[in-house]
Structure formats: C-alpha cells, structure tokens
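I opened this entry to write down what I looked up, one element at a time.

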Amino acid sequence: MSVKITLPTALARHTDGQKTFASEARNLPGLLAEFDAKFPALAQNVKDDNGNLRKFINVYVNDEDIRFLGGDTHQFEDGDEVMLIPSIAGGRCGQRRFLTVPYDESLLEGC
Amino acid sequence: MSVLESSCTVYELRCNECGKSFGNRPLSACDDCFAPLEVHYDLSSVRGRFTRESVAAGPANIWRYKELLPIPSGFQPDLPVGFTPLVRANRLGQRIGSKNLYVKNDSVCFPTLSFKDRVVSIALANAQAFGFDVVGCSSTGNLANSVAAQASRLGLKACILVPADLEPAKILNTQIYGARLVRIDGNYDHVNRLCTLIADEYNWGFVNVNLRPYYAEGSKTVGYEIAEQLGWRLPDNVVCPMAGGSLIRKIKKAFDELVALGLVEAKDVKFFGAQATGCSPISTAVKNGRDEIEPQRPLTIARSLAIGNPADGPLAAKMIQSTGGYAEDVSDVEVVAGIQELAETEGIFTETAGGVTTAVTAKLIAQGRIHADETTVVCITGNGLKTTDALEGRFHADRAVKPKLAEFDAYLREVDGSLVNLSASAESAAAKSEEALALAGGAR
C-alpha cells in the first residue's frame, strides 16, 4: 500500500526540497511516526510539545479535511493523496523585499 | 506634499503564538509553529503625534488613521475609502429593546459597498510595494468585488477565485472591472485551500493569503471610526458578523491602541460575534466555552459568512470570551427577517450577513446578554443590493394602475379596504414585523 504525501514549500525545506513523496503510512499517527524516522526535522516542525500535529496545520485526504473523516482514526487507502497545509498559509521567505521600514535582511536567514 | 509622506509608525510582522519576528514581507504564517502572523506596531513612535486633533485634520476616510496602518512610506492613496456613517438606530432599538443602539453602516463603504474596501486598500498598497503585478483573492463575494475594483484603479491585474454557487450580483460586480474571475467547483474552504497552493507556486499577491497580515489591519479602521464617531469614547458592546473571524478581533485591537495612545478612556467593551446557524463554527465554540474550532460544511443563504474552517476562528473565540461577550447564530429565516427589520426601521438595506448581525443582536438582547441602556454598536458590513436573490419571492409588484385619481382611489380600496384604513394597515404591518422579530429574538 502506498499513499502520496504533498507538502507546501514551507515544509519542503526539511525534505531536501521534495514536495511530494510516497508513504506506507496507514493513518495520520502512522504518517507522523514515519516522519520521525525519515525526516526528523520535519517531524519536529509539524508536531507540538505533546507530539501531536500542530493545531495550525490542516490535513486533507483526497481534498477532504481529515477532521470530517474521523481524524486520527481515519485509515488511508492505497493511492490516497494526503496533503499537509498550514491553516493560514501563503508566502515564501525571501520573496521580493519590502520597500519601507523596518526591514532586516538577517531575518531571512534560515528561510 | 502629500499628508502621507510623513507616514506611519514602525511596524513588522510577528507570530501570534511564539513571538518570532519576520520584518515585513508577503508572508502569513510563522515558519516555526504555523500560527498566523500579525502586524505589530511600535506605538511609542507615534505617541504624541497621533492625536484627536491630528486625526480631525486628516481626510474624511480611513487615511486619517494612517499612522496606525501598515502602509509603505511614499504610498499615495487616492480612494476615499471608509469613514462610513455611524447612525443612531432608535427605531430598530425600540423594536428589539435597546435605548442606545447604533449601526455602523459599511453597506455604503466606497468603492464597492462593503467593509472589504478597507482591507483591500491596505493590502494593495502593500502588494504594490512588494512588486506584485498580479493580485488576487479567495472570496465569498464582497472581497472579490473590492479587489477587482481597486486593482483596476491601480492598474494591477486581478485573478479572483470564488465558489461556483456565488450570488449572481457578486459575480457580475467582479467581472465588470475586467478582473479574471475563476469559479471553483466547491465551497469557500475549497477555494481558499486552492489559493494557498497557488500562492505557494505563483508569485502573486493574494490579499487574504500571503498579504493577509497587512490586509487584516484595514479592519481596524472600523474600530477607530466607531470610537471617533461616538465622540472619542468606546461603546459597551459591539456586535460583529464573523466569517473568517478577523474583523471582530481587529476592532478590539483598534480600541486597545486608542486606549494605549490616550485617545479614549479605557473601558471593558464586550464583543459579540454573529453567525448563521448553517455555518457557525465560531459561535459553536464560544457557546461550548472553547477556542478550538471544529470545521463545518456550510449550508446557509449568508454566503459571505459561509466559511466552515475560519482562519482566525480560534483567536476570535478566545477574544470574545475574554471580554465577557458571547456569540450566537440564527437560522436563514431569521436572517431574512433581520434584513427586513433593518430596512423597515432604519432605511438600511443590508445583505444576508447584515441580516445575521441584526437578528443575532435581537437574540442577544432577548437573552439578557445585552442590556437596554448600554451603548451597543451593530456592525453592518455589506449591501443588500448584492444579495437580492435571498429575498426572491417575498415581494410582488401589484397590478399597474391607470394614471387617474379615481383609479388610484379604487386601487387603495382594493388593497386596503378603504382609504381611512391606511394608517390602521400600517400598524398591522408593524405588528407583523414584531412577530417576525420575536422569531428573530426568541428561543429556537
């Protein structure tokens, strides 16, 4: 069984730029465990102090919010497309610079 | 020299949750914890400069508050957006049980008849500064209208995404400005998600996605105006419609800034949120005493409020409860009754969202959460001409009358029984309206 995972640019910095990849996970907790093993930096970024997915990240399975499908208990099926998107998303670090005060170039470091 | 060349306070983006600073850039979420970014001001930089007198000397539009808005230095606004009427609503107040009721009437906001004109003007000022030549938005209608209109004025290309089932007037009111309108086969939440993906791939300025922190600040002007128009004092209560949950928070932020700068006396203002029952994720959270939002699939005629997964929902729910306020929701029948109540008592024709807010205000008063003597401001955010389909079938044109006095007299006798019964007929109509209002204000 394999599902397709899609990440936004903001998270792909932890996966060597890969925005899509295959996963064997059968559900959301399984996917987070897979992140722990394969992409520890990604796991650290998307999980809160309690090990749960951060509340500002939404998960969609085949375009449906996973919360409508049963959340953690929802079982992925072969060929599912699973997408992680911050609830308020948009924008990339390092885009065109602002023309007014204050602007601190050093803030771009690490983005 | 433009009044804006001296421009505004120092500001930057900061994360609401972890406090990380981001300077100024087209970015809406923290890259560490993914919480929304918000514009943070160094208020000390305008203390003594932003005064009642300096505001009064400014133009009669939102730019009179420029020092507290995130606008790039050198920006030259030419559209007189905002500064809409705050009207005393005695007749509506009598009907629903408030002696001190006001309506903030953004149904006549310039240029596209909704409060979205405020946020778009701030967002597009920043879009230009960031160098975007294509701007866009996900919209339930009013935002689409405003982005299309203001982008055309600024010579920017606009690409606007809306749910396919949007009201026809809101589609026409976007297309007329020459904007590219893309109808998406889904609800607003599907549209919004698609826009986040587009903003991730295209170098476009989406006003409510990557420009969202700047965009949202425009809503503060509603709060500044309420305070100024009340004679530089704060009301006891604000009733505000909620879709994404941003406006109600920004009115509170505006009040807090005015208090911090000494323009108004501090006061514990209660904030009340209004939603349609068919899409009520925030009011449901507040009623349950929570600030986590369970998303909903919207099903309501109040399409401008039909956001089932509101971006600022958790923060709005938390803020409302922190002020001692509350949130309520009303059925679609009550929404229409609310539209009619406001029109019949105050001569203000609002869209479905305004029907929601009016009906929720009646309900909150009936519940005893808002008291008769308190100063209460109801925020009306959009114009009824855009949602006439919600009223379809409720009014019928009577037969045409020949242009003769005798024919007119006969017509009145036909419809009212007799001429002398005209006034009695009016009273009867009022009684019917009160029944409708009882519905709006009563328990469901």
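**After helix 3 of chain B**

I began where helix 3 of chain B ends: directly after it, Gly131(B) takes a positive phi of about 90 degrees. The model is a predicted one, and I read it as such.

I then went back along helix 3 of chain B itself, which covers residues 116-130. It has 15 residues and reaches 21 Å from the first C-alpha to the last, close to the 21 Å expected at 1.5 Å a residue. Is helix 3 of chain B mostly covered or mostly open? I found it mostly covered, with 14 of its 15 residues buried.

**The four-stranded sheet of chain B**

Next I looked up an open sheet of four strands in chain B, and noted its order as 8-7-6-9 and its pairing as parallel.

Strand 6 (residues 134-138) of chain B runs parallel to strand 7 (residues 157-163) of chain B, and five bridges join them. Within strand 7 of chain B, the residue opposite Ser138(B) is Leu161(B). Helix 4 (residues 142-154) of chain B packs on the sheet and touches both strand 6 and strand 7 of chain B. I noted an angle of about 170 degrees between the direction of helix 4 and that of strand 7 of chain B.

**Helix 4 against helix 5 of chain B**

I followed helix 4 of chain B to its contact with helix 5 (residues 168-175) of chain B. The two axes come within 8 Å and cross at roughly 15 degrees. Angles under 35 degrees count as roughly parallel, so helix 4 of chain B is roughly parallel to helix 5 of chain B. Which hand does the crossing of these two helices have? I recorded it as left-handed.

I also listed the residues that meet there. From helix 4 of chain B they are Ala144(B), Asn145(B) and Ala148(B). From helix 5 of chain B they are Lys170(B), Asn173(B) and Thr174(B).

**The three-stranded sheet of chain B**

Chain B also has an open sheet of three strands, in the order 2-1-3 and with antiparallel pairing. Its edge strands are strand 2 (21-23) and strand 3 (37-41) of chain B, each pairing on one side only. Direction ignored, neighbouring strands of this sheet are turned by 40 degrees against each other on average.

I looked at one pairing here too: strand 1 (residues 11-15) and strand 3 of chain B are antiparallel over five bridges. Leu13(B) has Val39(B), in strand 3 of chain B, as its bridge partner.

**Chain A**

I turned to chain A and counted three helices and five strands. Along the sequence I read the pattern β-α-β-α-α-β-β-β. Of the 111 residues in chain A, 27% are buried.

Five bridges join it to strand 5 (residues 81-86) of chain A in an antiparallel run, and Val61(A) has Val82(A) as its bridge partner in strand 5.

Strand 3 of chain A also pairs with strand 4 (residues 64-65) of chain A, antiparallel and over two bridges. I found Tyr60(A) opposite Asp65(A) in strand 4. How many residues lie between strand 3 and strand 4 of chain A in their hairpin? I noted two, and in the turn Asn62(A) has a positive phi of about 50 degrees.

How values were computed:
Residues numbered from 1 in each chain as written. Chains lettered and ligands numbered in written order. Predicted model: local features only at pLDDT ≥ 70, side-chain atom pairs only at ≥ 80, totals over all residues. Pairing = 2+ DSSP bridges. Contact = placed C-beta atoms within 7 Å. Axes fitted to C-alpha atoms, helices over the stretch in contact; angles between N-to-C directions. Expected span 1.5 Å × (residues − 1). Buried ≥ 20, exposed ≤ 12 C-beta atoms within 10 Å, placed from the backbone. Parallel < 35°, antiparallel > 145°, perpendicular 65-115°, else oblique. Left-handed = near helix turned anticlockwise from the far one by under 90°.
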